[in-house]
Amino acid sequence: MSTERVALVIGGASGIGWASAQALAADGCRIVVADRDTEGAAARAAQLGAPHTSGYVDVTDEESVQQLFETLGPVDVVLNCAGFSNVGLITDMPVEDFRAVVDVCLTGGFVVAKHAGRHLPEGGVLVSISSLNGRQPAAGMSAYCAAKAGLSMLTQVAALELGPRGIRVNAIAPGFVQTPLTDPAAMIPGVVEEYVENTALGRTGVPEDIAAAVVFICSPQASWLTGEVLDLNGGAHLKRYPDVLGHVMKLAQA
Ligand code: NAP
């Protein structure tokens with residue numbers, strides 16, 4: 001591994017990715033902020049200042065992922081934060097809506113792992129952002145729960161396959177973190193309250209909670225850590241997920 005670690009942060013223009021990019025930069029990494037939001041990624045790289053840079057990537061388009069890795073040169077850390085969710089009953093959901101979430105959250109995770117696995121050197125690290133919903137079901141979130149469960153398992157398989165080359169593969173499974181992704185859910189009365197009630201620590205997360213774990217997992221101090229899916233949620237995995245769909249329906253009827 002080079003002395004200056006290069007960290008590619010996919011989905012780095014917003015939320016958990018952006019907080020992680022800042023934390024990895026503070027830890028001494030040179031950051032490449034990559035996102036499908038090209039302008040957002042460029043603005044974030046400018047905020048970090050030289051020598052940090054940005055790039056375009058859409059994890060649902062393998063060619064863009066391959067191109068990004070090829071133009072990047074040596075990379076030591078890959079963090080994949082791309083993801084989104086939708087809400088709807090299985091019996092009502094168009095299959096295209098289900099596929100759209102799986103395409104980003106699971107197939108996108110596979111495509112990133114494939115190209116990261118080809119480019120990372122010995123000592124390299126891949127971290128994916130999975131979710132509490134990969135182990136805790138939520139009615140109305142079939143695509144997201146299934147995709148994130150798949151991403152958590154994909155992480156373990158990739159750790160087995162890449163371990164012999166000295167590449168570590170881990171995931172973080174956050175609970176409810178305040179970001180632009182969760183802003184709409186946070187505005188539905190009852191959702192945040194029910195999440196907080198069902199935690200041990202009595203609060204939602206902030207992106208910096210996740211970024212701190214990213215920095216540790218990517219550091220040489222974690223050199224024996226691989227195949228781990230880290231529950232990071234204030235203890236929410238000990239209880240149950242909020243009834244998001246119930247709160248949505250209550251709001252629709254009001
Ligand atoms: P966010 O603020 O929306 O950031 C996600 C970033 O990824 C956005 O810049 C987004 O661009 C980008 N992105 C989305 N699809 C992409 C694609 N196909 N290719 C490249 N970039 C793409 O969301 P966040 O809350 O930080 O979430 C980051 C990750 O954490 C996601 O995987 C999410 O599922 C996971 N997570 C979040 C929470 C939470 O409570 N926030 C909890 C558990 C897990 P656009 O703005 O253009 O969509």
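Q: What counts as a cavity here, and how many of 30 Å³ or more are there?
A: A cavity is a set of grid points where a 1.4 Å probe fits but cannot get out. By this rule, the predicted model has one cavity of 30 Å³ or more. The largest cavity holds about 30 Å³ of space.

Q: Which residues line the largest cavity?
A: The lining is G109, A113, L126, S128, L151, L154, T155, A158 and V169. By class, six are nonpolar, three are polar and none is charged.

Q: Which elements supply at least two residues of that lining?
A: They are α4, β5 (125-129) and α5. The largest share comes from α5, with four residues.

Q: Now the pockets. What is the volume of the largest pocket?
A: A pocket, unlike a cavity, is an open set of points. The largest pocket has a volume of about 990 Å³. Its lining has 44 residues. Nearest the centre of the pocket lie G83, F84, S85, T179 and L181.

Q: How does the lining of the largest pocket divide by class?
A: There are 26 nonpolar, 13 polar and five charged residues.

Q: Which helix gives the most to the lining of the largest pocket?
A: Helix α1 does, with three residues. At least two lining residues come from each of α1 (15-26), α5 (142-162), α6 (183-186) and α9 (244-253).

Q: What lines the second largest pocket?
A: This pocket has a volume of about 180 Å³. The residues lining the second largest pocket are F110, A113, K114, G117, L154, V157, A158, E161 and L162. Two or more of these residues come from each of α4 (95-119) and α5. Helix α5 gives the most, with five. By class, the lining has six nonpolar, one polar and two charged residues.

Q: How should I read the packing of α3 and α4?
A: Two packed helices are described by the angle between their axes and the distance between the axes. Here, the axes of α3 (residues 62-72) and α4 come within 10 Å and cross at roughly 25°. Angles under 35 degrees count as roughly parallel, so α3 is roughly parallel to α4. The crossing of the two helices is right-handed.

Q: Where does UniProt place the Ketoreductase domain?
A: The unreviewed UniProt entry places the feature "domain: Ketoreductase" at residues 5-175. In the model, the end C-alpha atoms of residues 5-175 lie 28 Å apart. The span is 47% helix and 18% strand.

Definitions and conventions: Residues numbered from 1 in each chain as written. Predicted model: local features only at pLDDT ≥ 70, side-chain atom pairs only at ≥ 80, totals over all residues. Heavy atoms only, no water. 1 Å grid on protein atoms, 1.4 Å probe; cavity = no way out; pocket = protein on both sides within 12 Å on 5 of 7 lines; lining within 4 Å. Points joined across faces, edges and corners; volume = space filled by probe spheres on them. Nonpolar A, V, L, I, M, F, W, Y, C, P; charged D, E, K, R; others polar. UniProt positions renumbered as here; feature names shortened; annotations may be inferred. Axes fitted to C-alpha atoms, helices over the stretch in contact; angles between N-to-C directions. Parallel < 35°, antiparallel > 145°, perpendicular 65-115°, else oblique. Left-handed = near helix turned anticlockwise from the far one by under 90°.
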